[in-house]
Amino acid sequence: DPADMAAADDAEAVQEDTADVWPKTFTITVTGDTTLGSTDDLRKREDCFEDVYAEKGAGWFFSGTRDLFDSDDMTLVNFEGTITESNSKKDKKFNFKAPAEYVDILTLGSVEAVTVANNHTLDYGTKGRDDTIANLENAGITVSGNGQLGVFEKNGVKVGMTGYCFPYKD
């Protein structure tokens with residue numbers, strides 16, 4: 001129908017005219033600490049993270065916030081832990097570690113970005129940190145923190161992120 005085609009052309013022209021109009025609305029959801037996996041001691045318990053993952057699956061963990069995270073443009077979490085197979089942990093009270101498949105918890109939960117600027121980034125040394133960043137980035141998650149600038153882009157909007165962890169003792 002020629003009238004339908006003309007209406008579609010008009011709608012497309014309006015969309016092109018307004019595509020780069022500013023200001024744009026861009027919604028970011030920022031959450032607090034997010035830890036995947038357990039410490040060695042916690043893995044000994046029957047209710048450890050790994051057992052819940054095995055029972056309920058990766059999609060369960062953010063199921064209560066998924067609608068909110070789906071409705072924003074970007075969800076950023078403070079990623080407290082590592083995603084590594086390294087067993088070379090630092091001598092400290094809590095060392096958090098998860099296998100690479102746990103990244104699905106974040107992607108299924110509609111988490112698009114993380115900061116790794118916190119006291120658990122080096123729980124398994126620089127190898128653990130490097131593995132974590134690689135596993136997150138391979139899943140399409142933007143990583144920032146500890147000197148790494150993350151840039152997330154959606155619908156023509158770029159968001160630059162960085163994060164810092166201040167030194168602490170004990």
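A search of the whole structure finds zero disulfides. Keep in mind that this is a predicted model. Welcome to a protein of 170 residues, 39% of which count as buried.

**Cysteines**
- A disulfide is a covalent bond between the sulfur atoms of two cysteines.
- Cys48 is buried, with a relative accessible area of 5%.
- Cys165, by contrast, counts as partly exposed, at 32% relative accessibility.

**Overall layout**
- You can find five helices and eight strands in the secondary structure of the protein.
- Among contacts with a separation of 6 or more, 74% are between residues 24 or more positions apart.
- The protein exposes about 10,200 Å², and carbon and sulfur atoms supply 51% of that area.

**A closer look at helix α5**
- Helix α5 takes in residues 125-138, which makes 14 residues.
- From its first C-alpha to its last, α5 reaches 20 Å, close to the 20 Å expected at 1.5 Å a residue.
- Which residues of α5 are buried? They are Gly125, Gly128, Asp131, Thr132, Ile133 and Leu136.
- An α-helix has 3.6 residues a turn, so residues three or four places apart point the same way.
- The buried residues of α5 pack against the strands β2 (74-79), β3 (82-83), β5 (113-115) and β6 (142-144), and also against helix α4 (103-108).
- After α5 comes Gly140, which has a positive phi, near 90°.

Methods
Residues are numbered from 1 along each chain as its sequence is written. This is a predicted model: local features need pLDDT of at least 70, side-chain atom pairs count only at pLDDT 80 or more; totals for chains, interfaces and linings use all residues. Side-chain values use heavy atoms; hydrogens and water are left out. Helices (H or I, at least four residues) and strands (E, at least two) are DSSP runs, numbered from the N terminus. The expected span of a helix is 1.5 Å times one less than its number of residues. Buried means under 20% relative accessible area, exposed over 50%, partly exposed in between (1.4 Å probe, protein chains only). Contact means heavy atoms within 4.5 Å. Accessible areas come from the Shrake-Rupley method with a 1.4 Å probe; for residues, only the protein chains shown count as cover. A disulfide is a pair of cysteine sulfur atoms within 2.5 Å.
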